[in-house]
Amino acid sequence: MTDDRHDEAWAGCLCCSPPAAQASGGGEAGKNPLETAPVNASLRLVDFAPRSMLAPTGTRIETPRFPVIDMHTHLTWMKRTRGGVSLGEEMVQFAAPDDLLPLMDRKGIRCMVNLTGGVGRGLEDSIARFDRAAPGRFLTLTEPSFHLFGEADYPALQADALAAAARLGARGLKLLKTLGLYLREGIDSGALVGLDDPRFDPMWETCAAHGLPVFLHTADPLAFFEPTDRHNERYEELAQHPDWSFYGRDYPSHAELMAARDRVIAKHPGTTFVLLHVGNQGERLDDLAATLARFPNTLVDISARIGELGRQPRRSRAFIDRFQDRVLFGTDAVPPPYGNAVPQQLLCDELYEIYYRFLETEDEYFDYAPADTPPQGRWSIYGLGLSSAILRKVYHDNAARLLRLD
């Protein structure tokens, strides 16, 4: 006959929590050996700093297998902004060549490309400060002249400004995520201006005429377009940078921004577009692959997105293998102290060593940024172990071909 009390005592998952010992002779029941004291449920997420229990293994890659062209750095920045739109010709200098060249020599960096070189007198100063001071080690890009956007003849003025920038020595055009997310009809007021607004058609065509590739930052990570709630995998990052959230209000969706980008690329087949940050589709590589397959005038860089690529190493390696002639090395590096707030972009020796380790080794579960806490999301990454033939293209040859370097 079944003892109901015996059945009740042994109910449940015994491998996780065995039943409490039964009292005998009228004594007190024994303690469950797996019973634990209450946890500190008040620990704040910002104070949570777990340490992996995996045995510490890995490979330190101090210098790359081939010389590197870092296609994505920020060494200067426009001083004046309105509503997120960079304006005017006055620049802030983040560093000087003498500050950077020792690190470049240590880390095997042949050349740094400064994407945010400014316009007009600011661009001229940036080129003199870097490109002419250390020939071959630095190259500078120009930016749109958004301070002219309110002028009736803006399309022609912008085209003229680009032609002048090419004569000064600019090697391309860089667009921040301004179009589609920040620029409005009144610069910082009124309706948002779309990336595919026809007023920019002369800008794209002028780049084609002068051989200036367009380095295009469209949208941002997918999580930035989702509610900043307990389900958002980048909650901590958005909590620290709430202005990075583009959820709601009058912002377009991530999908709408991607569609506008693709319309621009289709409309201007003679212009070369570099889709920065893995096109901001690192979480959707199949979608990005479809764009690259459709448009031969596109490339991508990996800057500030190895955190996305490295948590899906097999898919990422297959992607780079497929598009090995169109993938560029970049870090999005910003010199200190300006880069201190964004550790995944902080220009330092360790940043480059992490990128080299990611590309060259098959190491498992390591940090994607030089920071105590993962700054973009609480995960680690895995190395891709690319072949030497592909590494040389990604590190150097693809960029050298794009920029027409010897």
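**Entry 1: a strand pair**

In which sense do strand E2 and strand E3 pair, and over how many bridges? I found that E2 (residues 76–82) and E3 (residues 85–93) pair in the antiparallel sense, over six bridges. A reminder to myself before going on: this is a predicted model. For one bridge I looked up threonine 76, and its partner in E3 is glutamine 93.

**Entry 2: the open sheet**

Next I looked up a sheet of three strands. The sheet is open, its order is E1-E4-E5, and the pairing is parallel. Why is one side of E1 and of E5 left without a neighbour in the sheet? Strand E1 (68–73) and strand E5 (138–140) stand at the edges and have a single partner strand each, so one side of each stays without a neighbour there. From one strand to the next, I noted an average twist of 20°.

I then went through the pairing of E1 with strand E4 (residues 109–114), which is parallel and runs over four bridges. Isoleucine 69 has cysteine 111 as its bridge partner in E4. I also checked what lies across these strands: helix H13 (residues 388–402) lies across E1 and E4, and runs at about 65° to E1.

**Entry 3: nonpolar cores**

Which residues touch the most other members of the largest nonpolar core? That core has 88 residues, and I wrote down Met112, Phe200, Trp204 and Phe329 as the ones that touch the most other members. Helix H12 (residues 349–360) gives the most to this core, namely seven residues. Another core, of 16 residues, lies apart from it; I noted Ile69, Leu328, Ala400 and Leu402 among its members.

How many cavities of 30 Å³ or more does the structure hold? I counted three.

Proline 337 has its place in the loop between strand E10 (327–328) and H12.

Then I turned to histidine 277, which is not a glycine but has a positive phi of about 60°. This histidine lies in the loop between strand E8 (273–275) and helix H9 (285–294). Is histidine 277 buried or exposed? Its relative accessible area is 3%, and the cut-off for buried is under 20%, so histidine 277 is buried.

Valine 278 also belongs on this page, with a positive phi of about 55° although it is not a glycine. Its place is in the loop between E8 and H9. Valine 278 counts as buried, at 1% relative accessibility.

Key. Residues numbered from 1 in each chain as written. Predicted model: local features only at pLDDT ≥ 70, side-chain atom pairs only at ≥ 80, totals over all residues. Heavy atoms only, no water. Core = buried A, V, L, I, M, F, W, Y, C linked by side-chain atoms within 4.5 Å. Buried < 20%, exposed > 50% of the residue type's maximum accessible area, 1.4 Å probe, protein only. Helix = DSSP H or I, 4+ residues; strand = E, 2+ residues; numbered from the N terminus. Pairing = 2+ DSSP bridges. Axes fitted to C-alpha atoms, helices over the stretch in contact; angles between N-to-C directions. Contact = heavy atoms within 4.5 Å. 1 Å grid on protein atoms, 1.4 Å probe; cavity = no way out; pocket = protein on both sides within 12 Å on 5 of 7 lines; lining within 4 Å. Points joined across faces, edges and corners; volume = space filled by probe spheres on them.
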